[in-house]
Amino acid sequence: MNITAFSHATRFFSYKLKIVDLANSYNQGIPPAGYPERIHRVPAMNIPIIHCSTCGSKVNTEIPPGDHRPRQVCPSCGQVHYLNPKLVVGSLPVWEDKVLLCRRAIEPRLGFWTLPAGFMEADETLAEAACRETFEEACANIELQGLYTLVNIPHINQVHVIYRARLLDTGFHPGEESLETRLFSEQEIPWDEIAFRSISLSLRNFFEDRRRGSFTQREETLLPGTAHLP
Ligand SMILES: [Zn+2]
C-alpha cells in the first residue's frame, strides 16, 4: 500500500468510527467528542416532523442504514424525511447614494427595518426570487448587479443570499408585508432597528466596500447570538 492509499484508508476508517461514535452517543443523548454541539442538536430539529407526509404514520428518529446522521423515518412506508436548509433571497437596492429598506409589517421582527428578502419558491431561480421579493415587499423595480453576500445560519437551517441591485425608479411603495419603504443614506441607517443580523452584515459590507471603491462577493457564517435575531 503506498502512502496515498494508506492515508485514504486511514481517513475512511476514522470516518466510519465517527459514524458509529455519533450513533452510539445519539442513542445515549450525549454529543460525541469532537462533534460540534450544533450537529448533534440538528436531529432535535427546530421544526420537528411528527407525521409522515406520505402515509400519515408517526415517524421515529433514527440513523438509517448507510447514513451518519439521525433522521426522521417513517416505520410504515420507510420514507426518510430529510430536513434541508431553506434559502432566503433578497436584494440591496441602491438609488444614488442611498439604500432602500422596508419596515416589516409581519412577525418575526415586526416594525424593524430590513432589505427586501424572503423564502425562495420551488419553481424559480435565485435571481428571480430576489426580484420577486423586492417587488412584493417594496413594489420596487430593480436591475440586479450580481451576487453579493451569502450568509450561512446553520442553527436555524437557513442560508441568506443578498444581491446588489440598482433601483430603476423611485416609484417604490410598501407591499403587503411592509409598513413603510424608504431610502437611507449610510448616516441615516437605523442600525439598532435592523431586523436580522444577516441584513446588518450585508449593509455594513456594502458601505465598507463602497468606501474602498470595489465590491467583493462574501460568504459569512452566523452562529447563535443575542445581539440581533436570528
Ligand atoms: Zn410513511
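This is a predicted model: local features need pLDDT of at least 70, side-chain atom pairs count only at pLDDT 80 or more; totals for chains, interfaces and linings use all residues.
For orientation, the ideal angle for four tetrahedral donors is 109.5 degrees.

The donors themselves are the SG atoms of Cys52, Cys55, Cys74 and Cys77, which coordinate the zinc ion at 2.3 Å. Along the sequence, these donor residues follow the spacing C-x2-C-x18-C-x2-C.

From the metal site the reader may turn to the strands and the loops that join them. Strand 4 comprises residues 86-95, and Glu96 is placed in the loop between strand 4 and strand 5. Although Glu96 is not a glycine, its phi is positive, at about 50 degrees. Because its relative accessibility is 68%, Glu96 counts as exposed.

The loop between strand 5 (98-104) and strand 6 (113-114) contains Pro108. The peptide bond leading from Glu107 to Pro108 is cis, with omega near 0 degrees. Arg109 also has its place in the loop between strand 5 and strand 6. Its backbone carries a positive phi, near 65 degrees, in a residue other than glycine. With a relative accessible area of 16%, Arg109 is buried, since the term applies to values under 20%.

Which residues does Thr149 contact, once its neighbours within four places in sequence are left aside? They are His160, Val161, Ile162, Ser202, Asn205 and Arg218. With Ser202, the side chain of Thr149 makes a polar contact of 2.9 Å.

The aromatic residues form the next part of the picture. A pair of aromatic rings is described by the distance of the centres and the angle of the planes. Rings whose centres lie within 6.5 Å are treated as a pair, and by this rule the count comes to five aromatic pairs. In one of them, the rings of Phe206 and Phe207 have centres 5.4 Å apart and planes at 70 degrees, so the pair is edge-to-face. Phe206 also pairs with Phe215, and there the rings are stacked, with 5.4 Å from centre to centre and 20 degrees between the planes.

How buried or exposed are these rings' residues? Phe206 and Phe207 are both buried; for Phe206 the relative accessible area is 2%. Phe215, with a relative accessible area of 31%, is partly exposed.

Arg204 lies over the face of Trp191, at 4.1 Å from the ring centre. An arrangement of this kind involves Arg182 as well, whose charged end sits over the ring of Phe184, 4.1 Å from its centre.

Note on methods. Residues are numbered from 1 along each chain as its sequence is written. Side-chain values use heavy atoms; hydrogens and water are left out. Donors are N, O and S atoms within 2.8 Å of the metal (3.2 Å for Na, K and Ca); water is not among the atoms, so sites may look incomplete. A polar contact is a pair of N or O atoms within 3.5 Å; within protein, one must be able to donate a hydrogen and the other to accept it, and residues adjacent in sequence count only if both atoms are side-chain atoms. Contact means heavy atoms within 4.5 Å. Rings of Phe, Tyr and Trp (its six-membered ring) pair if their centres lie within 6.5 Å; planes under 30 degrees apart count as stacked, over 60 as edge-to-face and the rest as tilted. Buried means under 20% relative accessible area, exposed over 50%, partly exposed in between (1.4 Å probe, protein chains only). A charge sits over a ring if NZ of Lys or CZ of Arg is within 6 Å of the ring centre and within 35 degrees of the ring normal. Helices (H or I, at least four residues) and strands (E, at least two) are DSSP runs, numbered from the N terminus.
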